[in-house]
Amino acid sequence: MTPEQEHRAEEAKNLLGNDLFAEAMTQVRTDALVGLAAVEADNIKEILRLQAIAHCTLEVRMLLEAVILQTGEQDGGMTA
């Protein structure tokens, strides 16, 4: 693993471990999901906007976790 990859993994761990970042991501996702529950069914533009927000917050977390997994650190140093 290169020093750049190690640095990226460390930064990803820092972000995922940051309580403020986690709270913000959770709140943004929750607000989007609550908005989806309340939006009018024929308001396609708003539905798509809220779905995109909810998906984006999930995707950011998944990408950060993927960077960490590349180091093998989340699975005890074992890589597939």
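1. A residue counts as buried under 20% relative accessible area, as exposed over 50%, and as partly exposed in between (1.4 Å probe, protein chains only). By that scale Leu33 is partly exposed, with a relative accessible area of 40%. Leu33 lies in helix H2.

2. A word on the source. The model is predicted: local features need pLDDT of at least 70, side-chain atom pairs count only at pLDDT 80 or more, and totals for chains, interfaces and linings use all residues. Residues are numbered from 1 along each chain as its sequence is written, and side-chain values use heavy atoms, with hydrogens and water left out.

3. The chain has three helices and zero strands. Helices (H or I, at least four residues) and strands (E, at least two) are DSSP runs, numbered from the N terminus. The order from the N terminus is α-α-α. The radius of gyration is 16 Å, well over the 12 Å that the globule rule gives for 80 residues, so the chain is more spread out than a compact globule. That radius is taken over C-alpha atoms, and the rule is 2.2 Å times the number of residues to the power 0.38.

4. The C-alpha atoms fill a box of roughly 50 × 25 × 20 Å, taken along the principal axes. Buried residues make up 18% of the 80 residues.

5. How do H2 and H3 pack? H2 (residues 19-38) and H3 (residues 44-69) meet at an angle of about 150 degrees, with axes 8 Å apart. Axes are lines fitted to C-alpha atoms, for helices over the stretch in contact, and angles run from 0 to 180 degrees between N-to-C directions. H2 and H3 are therefore roughly antiparallel (under 35 degrees is roughly parallel, over 145 roughly antiparallel, 65 to 115 roughly perpendicular, the rest oblique).

6. Contact means heavy atoms within 4.5 Å. On the H2 side, the residues touching H3 include Phe21, Met25, Val28, Arg29 and Leu33; on the H3 side, they include Ile47, Leu50, Thr57 and Leu64. By class, the contact has 14 nonpolar, five polar and two charged residues. Here Ala, Val, Leu, Ile, Met, Phe, Trp, Tyr, Cys and Pro count as nonpolar, Asp, Glu, Lys and Arg as charged, and the others, Gly among them, as polar.

7. Look at Thr57 in helix H3. Thr57 is buried, with a relative accessible area of 5%. Leaving aside neighbours within four places in sequence, Thr57 is in contact with Met25, Val28 and Arg29.

8. Back to Leu33. Leu33 and Leu15 are 18 residues apart in sequence and 23 Å apart in space, C-alpha to C-alpha.
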